[in-house]
Amino acid sequence: MDLKKKNDFIPKIIVLCCENSAYRAADMAGTLKLSFPESIKIISFPCIGRVEEIHILHALENGADGVMVMGCLEDSCKFLDGDGRTKKKIIYLKKILSEIGIEDARVEFHNIAPNMGTKFVELVTEMNKKIKELGPLFKKDNISKEESDFEKRY
Amino acid sequence: MHKTKKIGIFLCSCGDTISQTVNYKKIIKHFNGLNEISVIEKNDFMCKPKSLIKFKKKIKDTRLESVIVAACSPQLKGSVFRKAIEEAGINYNMLSLVNLREQCAMVHREKNYATAYAIDLIESSIRRIKLNQPILSKTTKVNQTTLIIGGGFSGLQTAINLSNLGCKTILLERETSLGGSRNQSLRSTDNKMEFSLMDLIDKNIKKVNSNPLLQVFTQSELISLEGEPGNFKAVIKGKAKNKKTIRKNINIGAIVLATGCQNFFPVEKYGIEPSSQVITLSELGKLLNCKEDLKSINTVCFINGIVNDDQRLKGDKLLLRALELINKYQIQVYILCKNVYVAENGLEELYQQAREKGIVFLKYEDKKPEILLGKEGKKIKVLFIDELLVKDNVHYKEGEIIIPCDLLVLEEEIIPASGADKLSEMLQINCDDEGFYQQRNISLQPIFTNRKGIYTVGSCRGLKNINSTLDDCAMVSLEVHDLLKEKVIKYNLDRAVVDNDKCTLCLTCLRTCPHKAIQLENDAEPNQIKIAVNPLACESCGICVSCCPASAISLPGFENEQVTSEITD
């Protein structure tokens, strides 16, 4: 599937959602007939506390240019503190990312309620704009160069 | 590698809402060639009963093993399709719903793009459904008895509601008689509101004592609790007739906490020493019972708003007492307050009455009123600043007013009942900053605690008025009845599972589980302990899964493999 045209960068953003809040907010954005930016992909979890650091790293490794994690508003998680736990994980992950030379703005955490459809679209469009400025995470030429260097050396 | 399963894709056009932007012909063409997909078809309005019958028949005829339905949001019609698929003979976890309406057709306007996006969504759903396993269900026997702790107004009302629904109930009360706050703070007046409340409590006590489904234990307390929702094992300590303490083991299914609240007089906050001329609001109630003490009193002053900011709930009591003083004994009453709160049933009317009768309301602002205690028997002076009299915000002396009075009535703080902290520690229930039991969600799940099977009712979550307490009691009794109405509970095995070979007993999951569903258990082997998840208490949020450093816990349906299969292309 070719979504990308030449010279026109469409960032791929993965949105990890709590099915009790952010997923419903996305649904609401649909019913309000708002429009999403291109190429965002929504994945739902039973609670945002289920999200692990490895999931986000996997996403970045496999072609995503940015990852958004969206949980419930503070103090309104169905499972008491799922959003707080994940927020800590994201802060930790941002540290790791900046250490290995990836912009930490590629991963963001947001609190959102199920009736905040417009806010959901606002956040996603803002992220889309930010990632467009940052550019793709792995440029194809870079990878091939690195790989060839690697092959030459060993 | 996983075996290739027979997958069927059903596309719903939803009366052209989806199909006007998403090109279904292209999608069918795209997936038709793949050998793992045996059925792909387009339908109109799949959630309608007629098309559901067709849908079921198609599944049975083609012997599909897993089904993908591309339609509206799973939040809307998910349960309909899940039910249909169970009826067709496939496990509900072998169904995957693709949200083509809300999150594709309605948000992406460009046709080519929307079609490509839909194909992407369906592809990732195919990747995921290959990894899905059937989730079975299990049944366990439950004990249908409910334990209510606290025999106050809310406890009695809940017990009666439950017995009306046909549930067996045990009522625990640590005092010698039932009634709770009725015995202490309420008193007989001609006021309708207070009278009807007392009447209601008296009637309820009679009903409770005569009900065969209800068992009452006075002078007894809960000592320990083990087990899971539906099968709690509790130990209660009580006193027998010969004043010996007895321990009793009881089996119960659910627990309702109705421990209530109590008044506390914080003398330090007012900066005064205790005196016979300074009393609290509940002490005034007792004083009003004996008329002779009030003969020497000419003026009474109330001070309000220093301890609690929100005075709505206690406002009725204050105004009632003030009105009684002025009506029966012709005593001059002053009420000093920051603001008059009347946002409660009947309060506005009482306030109007009070003004008409001649009660003087005085407003102070940032500076607290000073209380000047004289010698015993002499008048107390209350000094405060009326800001309306201060002309230029500098000369505060101009606004000083001194009220001499014979009796000063101060308000009390409301704190949780004594022993509530011990009880919450024993039951592993979360409390808020002030020590009241914390609700799971302040607006959606007010009666639930963090543990399943343990509920709270009434003022043990903070002071409540009568009407909202009655609502609470009805809500709790319905919820308990819903849990325990049948002799067996059926539950799906989509709960967290611990792999004990990988587990290193670091106890991280034990600390992180929000519902205390993870417990240490003794294994069959001697001197061996293991972590076990209680399937009835677990609510499959997956927090323990993400916290486990050894990745020994897995959540069926949301395992790492499944999540990453959806994330990666």
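In what order do the five strands of the open sheet in chain B stand?

**Before you start**

This is a predicted model, where local features need pLDDT of at least 70, side-chain atom pairs count only at pLDDT 80 or more, and totals for chains, interfaces and linings use all residues. Residues are numbered from 1 along each chain as its sequence is written, while chains are lettered from A and ligands numbered from 1 in the order in which they are written.

**Stop 1: all of chain B**

Select chain B. Its C-alpha atoms fill a box of roughly 100 × 70 × 45 Å along the principal axes. The radius of gyration, taken over C-alpha atoms, is 32 Å, whereas a compact globule of 569 residues would have one near 25 Å. That globule rule is 2.2 Å times the number of residues to the power 0.38.

Switch to cartoon. Chain B has 16 helices and 28 strands. These are DSSP runs numbered from the N terminus: helices are H or I with at least four residues, strands are E with at least two.

Of the 569 residues, 36% are buried. Buried is defined as 20 or more other C-beta atoms within 10 Å of the residue's own, exposed as 12 or fewer, and partly exposed as in between, with C-beta atoms placed from the backbone.

**Stop 2: the domains**

Colour chain B by domain: domain 1 (7-134), domain 2 (145-262 + 415-488), domain 3 (266-411) and domain 4 (494-567). The bounds come from an automatic or database domain assignment. Now find domain 1 and domain 3 of chain B. Their centres, over C-alpha atoms, are 70 Å apart.

**Stop 3: the open sheet**

Here is the order: β14-β21-β15-β16-β17 of chain B, with parallel pairing. Strands pair if DSSP finds at least two bridges between them. Select β14 (278-280) and β17 (360-363) of chain B. Each is an edge strand with a single partner, so one side of each has no neighbour in the sheet. From one strand to the next, the twist averages 25 degrees. Here axes are lines fitted to C-alpha atoms, for helices over the stretch in contact, and angles run from 0 to 180 degrees between N-to-C directions.

Move to β15 (299-303) and β21 (407-410) of chain B. Four bridges pair them in the parallel sense. B:Cys301 stands opposite B:Leu408 in β21(B).

**Stop 4: B:Val333**

Select B:Val333, in strand β16 (332-337) of chain B. Is this residue buried or exposed? B:Val333 counts as buried because 23 C-beta neighbours lie inside 10 Å. Contact means C-beta atoms, placed from the backbone, within 7 Å. Beyond four places in sequence, the contacts of B:Val333 are B:Val300, B:Ala322, B:Leu325, B:Ile326 and B:Ile359. Show B:Val360 too. B:Val333 and B:Val360 are 27 residues apart in sequence, with their C-alpha atoms 6.5 Å apart.

**Stop 5: strand β12**

Select β12 (254-257) of chain B. B:Ala254 and B:Val256 are buried on one side, B:Ile255 and B:Leu257 on the other. Strand β6 (145-149) of chain B runs parallel to β12(B), joined by four bridges. There B:Thr146 stands opposite B:Ala254. Strand β23 (454-456) of chain B also pairs with β12(B) in the parallel sense, over three bridges. B:Val256 stands opposite B:Tyr455 in β23(B).

**Stop 6: the contact with chain A**

Finally, show both chains. The contact takes 31 residues from chain B and 35 from chain A. On the chain B side, α4 (101-105), α5 (111-131), α15 (543-547) and α16 (560-567) are the elements giving two or more residues.

Notes: Two residues are in contact if their C-beta atoms, placed from the backbone, lie within 7 Å.
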